[in-house]
Amino acid sequence: MSVPSAAQRALPLPEAFSPWRSLLRGARLVALLTLLAVAWAATQTGVFRGDLINAGGWALVQQFFAAALRPELSPAFLRLTLESTLVTFAYAVCGLALSLVIGLAGGVLSSEVWWLVHQRPFVARPGSPWLIARGALALPRAIHEVLWGLFLVRILGLDPLVAILALGIPFGAITAKVFSEILDETPRDALRALLNSGAPPGHALLYGLLPRALPNLLSYTFYRLECAIRSATVLGVIGAGGLGYQVLLSLQSLRYGEMWTLIAALVLLSGITDWLSARVRQVLGAPARLEVNLAPGCEAQAAQLTRATPSSRGLLALLGLAVLVVPLALVYLQPDFGRLVSPRTQALLGQMLAEMFPPDLSGDQIARLLQLSLQTLAMSIVAMAIAGLFGLALAHPAARRERGPRWPYWLTRGGLLVLRAVPAPVWALLFLFVMFPGPLPGALALAVHNLGILGRLIAEAVENVDQRPTRALQHAGAPPLHAFFYSTLPMTIPQSLAYIFYRWEICARETVIVGFVGAGGLGRLLTEQLSSFDYPGLSATLIALFGLTFVVDMLSTVARRPLR
Amino acid sequence: MSVKPKLALVSLALALAACAAPPPAAQPAAPAQSPARPFVISAIPDQDPERLNRLYGKLSDYLKAELGVEVVYRPVTDYAAVVNAFRTGDVDMAWFGGLTGVQARLQVDGAQAILQRDIDEKFRSVFIANVSTGIQPFEDISGLQALKGRTFTFGSESSTSGRLMPQFFMRQAGLSLSDLRGEPGFSGSHDKTIKLVEAGSYEVGALNEQVWEARIKGGEVDTSKVIVIWRTPPYYDYHWVVRPDVEQKFGAGFIERIKRAFMALDATNPAHKEILDLFGAQKFIETKNENYADIEAIGREIGKIK
Amino acid sequence: MPEPVFELKGVTVRYGAFAALSKVSLRIEAGERVALIGPSGAGKSTLLSLLNGSLAPTEGEVRLLGQDPTRLSTRALRRLQRQIGTVYQQFHLVPNLSVIHNVNAGHLGRWSLLQAVVSLIVPLERSRAARALAEVGIADKLYARTDTLSGGQQQRVAIARVLVQDPVAILADEPISSVDPERSREIMTLLRELCDRFDKTLVVSLHAIEYAYSHCERMIGLRAGQVVFDLPAAQVSPQMVEALYRIRDVDV
């Protein structure tokens, strides 16, 4: 009798299964390190310090919110608002157009497939020109648009050209990177078939690869339009004009009624662009492709689920319109392209480069840069921890679903839209009303702005997830929330986390722009150096910023790897 | 084919230039500088942008009439941006603070400080405090010790009266920035400093005395909430700085004509008085680069000039 | 004796330590219809890649239409490849293009880049494409989106592309493995007829032996990278085929 029972006892039990554990397998270390990093960052930015809140400022905050009820609606101001909106939009369009030119050329040149088809057919790996093209794109990408703006204005002077280039160059480099990834991920069977039948490389790419990659390229372009509107607004804050500039002026003059009118315009502009972009991406059947390359498998699946034959006529009309808008925007802004080649520009460029070298790398400076880099890093971590946590929580009510009441969707989506439509420096100025200057208000401003972006990204991921497992559970009698914890959440969490880490890279670059309005970190130092015309110090700070960007990119890539 | 009309245009422009003002002999062929180019002025955005637009709109009209050239006011968002626009040549003449004026001259060889207001010879900053702090006005600089443990805001980073001189006097009083509560704020402008201290966002602030007096006079300050606790000793501040190349662009003697135009502003003439009032001055007087040697020394000491 | 279309002399292809083909020698004359048979991994696809010039041998010599592809300049190699058309198991078409563009892709070796670009907007040579589609029996699909077609229809589009390319020889890499049995017969018959009518050489790799017997005149049996037999189809016995596919008796 005892023999079988002993055998039963001896039966090796498999490791207890939990959906969470399976999810985190391979990522446990990353999870632990992330938690530690967040705790360190919170301490560093002073979350646990006593005096965070400057109680004296609540009166201003009350005034600010009270003004929401009486926005400035005089015809003159409405006209100004409309003009500013057009300026911001025109900057976004021109910048985006430039970035597409750079992105297409750079994307093709830095794609593996371009170099492969141009080599002898028997070679398996692309050679050094490919690596050079890749490397050449890394630098412009590491510099935030605002920094480009501040440099270009010192060389080109006051001209709309500055904002267009400041937006177009870094966006072009980012677009090139993503375009090259899209091209390289596109199946190559048709391309190979054409090459094997003797078609020249350019022809083969044109017929075998580009048409297949086009929906992804287009949908990414429309996603970039959203980003361009936000960046054009921020460039406005540093003086390019448009909505960002007007918001800053109203805030500086403490005219809150005007501010609300302008914020309404920003929300409207952002909202329309985001909606249009989302719609186009949906029609193209490539909604999941945003800024980040997730596991190619996931994406193909998502594309299949939502595959709709694009109504090519509507799409063509839209593209035609888009192409028309660019010259209109150029006419509206009237950039002086002559400045690009004028002798004055060359002289100023030479002068500035000469002043920037050698960078100030004295011992004191390095110690200070190191300390501020850590502070900046901490700022970005705190910002993303907050944005990520709330993003995960808000994304689910913000996802459109087939059944149930619609108001949570509209409410959260609307809220997220306002958060991301208001640029981070403006959030920072608002936080500075009630908080002491330092890294924390900056981190909060970044958190709030990025929450608006992340919440939507994650919500879209949730919308695109395969509904069948959830439905199967519900049909088996599981209550909605139970089903959610056993299907939707575990299915979307890897992608959501990947988004958060990816956004962290952007956030680290954005720390500079909240620094400009007095929130701490390297951005603060940079502002001080800019106003002191301390060019050697400035180039040292830039080196620190590059280093920081590089470290964050690397950490993010490593952290995302187990999530694939 | 297309060369001919271009040539014709250039010769027409040259002919026009010859009519408008005989070009200086040293520059017989300067086709790039057509007379259509306006004289561009700008100013550091130290006050409400709206007020600045009104002020410089009126001034531009006046100068246009006096100088006989098109005058354009170019608004700029921050102090450093004005210095930069002056350096690149987008702006021919700018109204600078003491510090920004020095910074600008250091970056443009031959630029001259030419004019200032009567009040700029003996300019002062004021330290203001929210009354809830209980800080009492004091006479001696050592009274600044009362700022220890208080929250404090400057104006713009590059402001002379809102940052440089207040920080200089705080140092003289033996008060370091780390003695304050939290890091010091930079409100961006004098007007905003008043409003932030009045509202209590910051307990103490420092700004330009003239802006303070003008707002008190205009009844825009709630003096039951915010008071002056100390006035600094006098120093040289605001002034007009002009680029050396304006004489090539607008004719020899142009700088002298600018000086005359400003010094002709007369407080008894109602049209002139409006401009002078907006500047908060009785009249404009001549100044020279040497007047700002102290400011430059202090700028270097505090690290705002490298 | 006329120049053979394809000729391999002692060809070995190694991927690292693994020899996909070893010491293979064969000649294929103009107008022949040859079936390549053998189990998966026998080297059929590798052999076809050698024949369309997309792979270089590790050892030995390959001559395509009398030329050695490894000695040609890139440009000359492309000119040579234009003379050899390939049909693939997975069709290798662009799914979101119209059928006409996929068919017109057969012109790419001749077209200038400008023509190629223009044709993507306003299709050129429409009648030529329509004729090719009629040849493969789906004339009505000229403007359909390719991914709306069934597998069999897509394979016909791929064949139409080769017809437009108008090569000397057609290679087919398991052309019927992705379609149902009825479609398989139609496609094999179509290939045979087209080769007869337009006087093309055909080399086709197959798993379905019955079509090797019914549609080809010569069979080459491959196993573990070596030619086991190379005979007229009529002389290949069922026992030889069975031995070819039997699991692991050669190695043991």
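User: How many residue pairs are in polar contact across the interface of chain B and chain A?

Analyst: This is a predicted model, in which local features need pLDDT of at least 70 and side-chain atom pairs count only at pLDDT 80 or more, while totals for chains, interfaces and linings use all residues. Side-chain values use heavy atoms, with hydrogens and water left out, residues are numbered from 1 along each chain as its sequence is written, and chains are lettered from A and ligands numbered from 1 in the order in which they are written. A polar contact is a pair of N or O atoms within 3.5 Å, where within protein one must be able to donate a hydrogen and the other to accept it, and residues adjacent in sequence count only if both atoms are side-chain atoms. By that rule, with both residues at pLDDT 80 or more, the number of pairs across the interface of chain B and chain A is 12.

User: Which element gives the most residues to the side of chain B that touches chain A?

Analyst: Helices (H or I, at least four residues) and strands (E, at least two) are DSSP runs numbered from the N terminus. Those giving two or more residues to this side include helix 2 (49–67), helix 4 (98–107) and strand 7 (185–186) of chain B. With six residues, the element that gives the most is helix 3 of chain B.

User: How do the residues of the side of chain B that touches chain A divide into nonpolar, polar and charged?

Analyst: Ala, Val, Leu, Ile, Met, Phe, Trp, Tyr, Cys and Pro count as nonpolar, Asp, Glu, Lys and Arg as charged, and the others, Gly among them, as polar. The contact (heavy atoms within 4.5 Å) takes 38 residues from chain B and 42 residues from chain A. Those of chain B divide into 11 nonpolar, 14 polar and 13 charged.

User: How far apart are the closest N and O atoms of the salt bridge between E528(A) and R163(B)?

Analyst: A salt bridge is a side-chain nitrogen of Lys or Arg within 4 Å of a carboxyl oxygen of Asp or Glu. The rule finds seven of them across the interface of chain B and chain A. In the one that joins E528(A) to R163(B), the closest N and O atoms are apart by 2.7 Å.

User: How many salt bridges are there between chain C and chain A?

Analyst: The contact takes 38 residues from chain C and 27 residues from chain A, and the polar contacts, with both residues at pLDDT 80 or more, come to nine residue pairs. The salt bridges between chain C and chain A number zero.

User: Which three residues of chain C lose the most area to chain A?

Analyst: Buried area is the accessible area (1.4 Å probe) that two parts lose on being put together, summed over both. Between chain C and chain A it is about 2600 Å², of which carbon and sulfur atoms give 62%. Together supplying 21% of what the side of chain C buries, the three are R78(C), H92(C) and L108(C).

User: Why is the pair of F152(B) and F154(B) edge-to-face?

Analyst: Rings of Phe, Tyr and Trp (its six-membered ring) pair if their centres lie within 6.5 Å, and planes under 30 degrees apart count as stacked, over 60 as edge-to-face and the rest as tilted. A search of the whole structure finds 33 aromatic pairs over all chains. The ring centres of F152(B) and F154(B) are 4.9 Å apart, and the pair is edge-to-face because the planes lie at 85°.
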